[in-house]
Amino acid sequence: MKKLGVILLYAMLILVAGITLAPLFWMVSASFMPAGQSSTFPPPFLPRQFTLEHYASLFTRLNLARYLFNSAFLALSVTGISLVINSMAGYAFAKYRFRGRDPLFKLLIASMVIPAQVTMLPLFLMLNKMGVINTYVGVIIPGMASIFGIFLIRQFALSIPDSLIEAARMDGASDFRIYRSLILPLCKPVLITLSIFTFMGTWNDFLWPLIVMTDDSMYTLPVALANLSLEHVQDTELMMAGSVMTILPVLLLFVVLQKYYISGIMTSGLKE
Amino acid sequence: MGSKRAAMIFLAPALLAIGVFFVIPVFAAFLLSFTDFDIYSLGNFQYVRFIGVKNYSQLLGDPLFWKALKNTLYFLVAGGPLSVVVSLAAALLVQSRVVRFKGLFRTAYFAPVVTTLVAVAVVWRFVYHPRFGMLNYALSLLGVSPIDWLGDPHWAMPAIILMAVWKNFGYNMIIFIAGLQNIPEELYEAASIDGAGKVQQFTTITLPMLAPTTLFISIITMIGYFQLFAEPYVMTQGGPLNSTLSIVLLMYQQGFRWWNMGYSAALAFVLFAFILAGSLLQSRLQKRLGTS
């Protein structure tokens, strides 16, 4: 009886894993099929002939290298810039005393309830006046600082003992030096977590780059893919290759760094 | 500790960026929602006029707005609870004591969360293909006749819900797992000494102990679902017959396709009002759970 239960449990686990992975597996599989093969009946799960032509045409016929560069450049820039800005602010909120600190922090947290969509129309007009629509700067600007990131770093920095900072100060270290050589190394785990969140968030983002980037050559992968998929409705295999190229980088990043990613979700989920 | 000047220097970049590119736009959007800002104003701001609450009253008379609101509520009322139930079930499965390779299953369930929404929406459009799609093929093996998932106004929203749940249940599952790990082991030991069965343990210990987690997950899921956009944009463009038109999609179309930015800003504030209401509800309920 007990054994049957265990078998049933595993059957369920494997079934659910099958359902979650099947679309991703099929995407990879179809991307290797010759054009048109996925649109036959019964739908083949594995390629009958194996081809890389779709990957080749993504780079030759379409502008994939450019989209890849745009996505990578933007995700890396936003991650780098926001990490510096958020970590400085998070540290200041955690370890400095100044008038209005707590009300200000509470106000920031409360404003997280405002959805980004609310800001998009004026932000677009503003960036348009600044002449940065259809530029990298236009996508980077709203990602430079994030309240969630400041919150995450502050929570972590709170656990750093004051005595450590005091000792460094006694040794004559400047404020900036303490931040740079003491706080940042100690905050490494949360900085890694936040980097993954930010990188993936920027890479996967759709609505804002869709609004800001107006030229094909400036598209990020999701924007380009959405556009192409509406034009190339019939080219299933080509679109699957494009989807693989879009998903693969973030999926790999997750698999390598999942420890940090998962722990980040767990702490941010429980702290609320 | 430390000088105030240093604190100000550390804070300045963040506060400046948030102030200029978040706080000001929020207030500007509020003002915008009371103007007739349109494509002509885009060229010259002098054409902008304040029109009071006209955008909001126009909204109330716009059948497209009601359609979008209804669709969005359908999406979150059906999809939200479904996602919560599926993720709780998945968490219980994965955390079950006898299961080995927990990490492997967890990673597999979590994989869709990190994927790019636009890319998986493209994939699912083919999964839902009426003739060559995997889903209809799998269903045909069970004797179900083909369904035109994205082409039938009755099925398009359920199809999007199914995909959205597939995409995000892993995220909620992780939070549930954290919640499960926080339940003291002794509670179960005490209960089993008292002769409580597995089912009884689940209903008297696991579920009540998970109540705050469940509430948290329900609200964040619904807030996220309220911002439905990329799925209909890629899979249906809001069709067929506007059956998958969402609030944010309508906002995007009004604001950035037709440049009716005043009207679009009013839509944004309707979205905000709903999300604010959801958040207030959450903190209210959480306080009640905490005191009882």
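1. At what angle do the axes of helix H3 (residues 64–95) of chain A and helix H10 (residues 188–204) of chain A cross, and within what distance do they come? The axes come within 8 Å and cross at roughly 140°; axes are lines fitted to C-alpha atoms, for helices over the stretch in contact, and angles run from 0 to 180 degrees between N-to-C directions. H3(A) is therefore oblique to H10(A). Angles under 35 degrees count as roughly parallel, over 145 as roughly antiparallel, 65 to 115 as roughly perpendicular and the rest as oblique.

2. The model is predicted: local features need pLDDT of at least 70, side-chain atom pairs count only at pLDDT 80 or more, and totals for chains, interfaces and linings use all residues. Residues are numbered from 1 along each chain as its sequence is written, while chains are lettered from A and ligands numbered from 1 in the order in which they are written. The predictor assigns the complex an ipTM of 0.92 and a pTM of 0.93. For chain B the mean pLDDT (the predictor's confidence in each residue, from 0 to 100) is 92, and 98% of its residues reach 70 or more.

3. Chain B contains 13 helices and 0 strands. Helices (H or I, at least four residues) and strands (E, at least two) are DSSP runs, numbered from the N terminus. Along the principal axes, the C-alpha atoms of chain B fill a box of roughly 75 × 70 × 35 Å. Of the 292 residues in chain B, 42% are buried. A residue is buried if 20 or more other C-beta atoms lie within 10 Å of its own, exposed if 12 or fewer, and partly exposed in between, with C-beta atoms placed from the backbone.

4. The contact between H3(A) and H10(A) is a right-handed crossing; a crossing is left-handed if the near helix is turned anticlockwise from the far one by less than a right angle, and right-handed if clockwise. Among the residues that meet are A:Leu74 and A:Val78 in H3(A), and A:Leu194 and A:Phe199 in H10(A). Two residues are in contact if their C-beta atoms, placed from the backbone, lie within 7 Å. By class, this contact has 8 nonpolar, 8 polar and no charged residues. Ala, Val, Leu, Ile, Met, Phe, Trp, Tyr, Cys and Pro count as nonpolar, Asp, Glu, Lys and Arg as charged, and the others, Gly among them, as polar.

5. Between the chains, the contact takes 74 residues from chain A and 73 residues from chain B. On the side of chain A that touches chain B, helix H13 (residues 236–271) of chain A gives the most, with 15 residues. That side of chain A has 55 nonpolar, 14 polar and 5 charged residues.

6. Helix H5 (residues 116–130) of chain A packs on helix H1 (residues 4–32) of chain B at an angle of about 100°, with the axes 7 Å apart. H5(A) is therefore roughly perpendicular to H1(B). The contact has 12 nonpolar, 1 polar and no charged residues.

7. B:Pro240 is found in the loop between helix H11 (230–235) and helix H12 (247–257) of chain B. B:Asn242 lies in the loop between H11 and H12 of chain B and has a positive phi, near 60°. B:Asn242 counts as buried because 20 other C-beta atoms lie within 10 Å.
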